[in-house]
Each structure stands twice: as structure tokens, then as C-alpha cells.
Amino acid sequence: MRKIELRGKLIVFEGLDFTGKSTQVEILAGRLRKMGLPVTTTREPGGTELGESVRKVILSNDHTELLPLSELALFITCRAQLSSEVIKPALSAGHVVVSSRYRLSSLAYQGYGRGLDLRLIEQLNEIATSGRQPDLTFLLDLPAEKALQRRGEVRDRIEQEDLAFYRRVRTGYLDLTDDDPSVHLLDATASIDNIAHKVLRLVDL
Ligand code: TYD
């Protein structure tokens, strides 16, 4: 992808918790800005005022009663707000939008992880994003065991999940993307610099 083609494009980092998505978002965004491109960075869940409030509810350990369907509805709420308030306007203004997580997260976590119907999730994703798919996705892939080894003592509600859950989510990511040419699989056991270098090469910078 050449410089001019990056304007108005949506680039997403996906992967399990603790794979370093937000670090890579910042590195790529910094590089794009240095090239003089307008860049908007964002994250899910969150990225809007309402979304950040909902994020607190989703991740709070006080809400262990949250049903899988309720959890999905909250993620979809965040995505709809983010899409309408931030992503769509930024893309229309010619920004490169770089996001940590997007539609694939709900398919992997709520679909494969929680067992909710993938078609239902896709329908909600379509509505929440007005059908906007990422132009490019970097999947930071890490075995579930390794992801959990990076987990600290203080854990949010989802980080409390067991190895079997994280294994299902990882399988989901791999299954959902294996024949998608817009998704680049990156080994998240590599160093930050090494991953960043590969990302920059793949966007032709
Ligand atoms: P995030 O802030 O990306 O956590 P991390 O930086 O640790 O990767 O996401 C918070 C949690 O929300 C994370 O455990 C993944 C989960 N999640 C879903 O289960 N479904 C979704 O659709 C999204 C966007 C996130």
C-alpha cells in the first residue's frame, strides 16, 4: 500500500489479551503521522464517552452476573457508538484509522469463547458498523498458555477466564481468518521491534 492509498483506510490489530496490540497501534500511528498522514487511533471497548463508561461495566469484577448475551450487547453498543462517532467521520475526512480490536473480537470472544451464535454476532456487527470491514487486519497470534503467562495479579472480569476459554478464543481467531487475504498473522512471541518492523513492511512504509 502506498502513502496515498492509506488515507481513508481502517487498519485493525486483533488478538488475545496481552499480545501487545495497543503498543503496535501507537508505533504504527506514530510512523504514519511522521509521514504527514492524518491518523486517528482508537480502541474497543471504549473510544467514546459512552463507550468508556460501558467498558468499565464490562470489565468490572463486580458484574460476574453478566450473561454472555448481555456482554455481547454491551460490546456491540461500544462498537456502534465508536463507528458512528469516531471511525466513520475520521475515514470520511481522509484519516487513516488504526484501532485496537473491532468486529473480529466479538466473533472470537463471544462466539468461540462464550458459544454465542456466530451469525447473530455477524448481523449485529454489520448493523453496528454499517457494514464497514477493516481494510487490513494484523492478528497478533499467541498460544493461550503464553498469553496467560503474561497475566498480572490484578485481573479484570474477562482476564479471570481460564485456559480453556482463551484456547477457544485463539482457535476462533485462527479459524475465522485463515482464508482472508486482508488478515496478516503475526507471531506475538517476537519482540515489539520485530513485530513493528513486519507491520511497517506489510503496509509498505
Ligand atoms: P482490551 O482493552 O483490548 O484488553 P487488552 O488490552 O488486555 O487486550 O479489551 C478488553 C477485553 O474485552 C479483552 O479481554 C477482550 C474483550 N473483548 C471481547 O470479549 N469482545 C469484544 O468484542 C471486544 C472488543 C473485546
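**The ligand site and nearby features**

Visitor: How far is a nitrogen atom of the ligand from an N or O atom in the side chain of Gln110?
Guide: In this predicted model, Gln110 is listed among the closest residues around the ligand. Between a nitrogen atom of the ligand and an N or O atom in the side chain of Gln110, the distance is 2.7 Å.

Visitor: Which element gives the largest share of the shell around the ligand?
Guide: The ligand sits in the largest pocket, and the elements that give two or more residues to its shell are α3 (49–59), α4 (68–92) and α5 (103–113). The largest share amounts to four residues, and the element from which these come is α5.

Visitor: How many residues of the shell around the ligand are charged?
Guide: The ligand is surrounded by 15 residues, with Asp17, Lys21 and Arg101 among the closest. Of the shell residues, five are nonpolar and three are polar, while the number that are charged is seven.

Visitor: How many residues apart in sequence are the parts that the pair of Tyr109 and Phe165 ties together?
Guide: Four aromatic pairs are found in a search of the whole structure, and the one formed by Tyr109 and Phe165 is tilted, at 6.2 Å centre to centre with 55 degrees between the planes. Because Tyr109 lies in helix α5 and Phe165 in helix α8 (residues 163–177), the separation in sequence of the parts that this pair ties together is 56 residues.

Visitor: Where is Arg101, whose phi is near 75 degrees, found?
Guide: Most residues other than glycine have a negative phi. Arg101, a residue other than glycine, has a positive value, and its place is the loop between β3 (96–100) and α5.

Terms used
Residues are numbered from 1 along each chain as its sequence is written. This is a predicted model: local features need pLDDT of at least 70, side-chain atom pairs count only at pLDDT 80 or more; totals for chains, interfaces and linings use all residues. Side-chain values use heavy atoms; hydrogens and water are left out. A residue is near a molecule or strand if one of its heavy atoms lies within 4 Å of it. A polar contact is a pair of N or O atoms within 3.5 Å; within protein, one must be able to donate a hydrogen and the other to accept it, and residues adjacent in sequence count only if both atoms are side-chain atoms. On a 1 Å grid over the protein atoms alone, a cavity is a set of points where a 1.4 Å probe fits but cannot get out, and a pocket is an open set with protein on both sides within 12 Å along at least five of seven lines; lining residues have an atom within 4 Å of a point. A molecule sits in a cavity or pocket if more than half of its atoms lie within 2 Å of its grid points. Ala, Val, Leu, Ile, Met, Phe, Trp, Tyr, Cys and Pro count as nonpolar, Asp, Glu, Lys and Arg as charged, and the others, Gly among them, as polar. Rings of Phe, Tyr and Trp (its six-membered ring) pair if their centres lie within 6.5 Å; planes under 30 degrees apart count as stacked, over 60 as edge-to-face and the rest as tilted.
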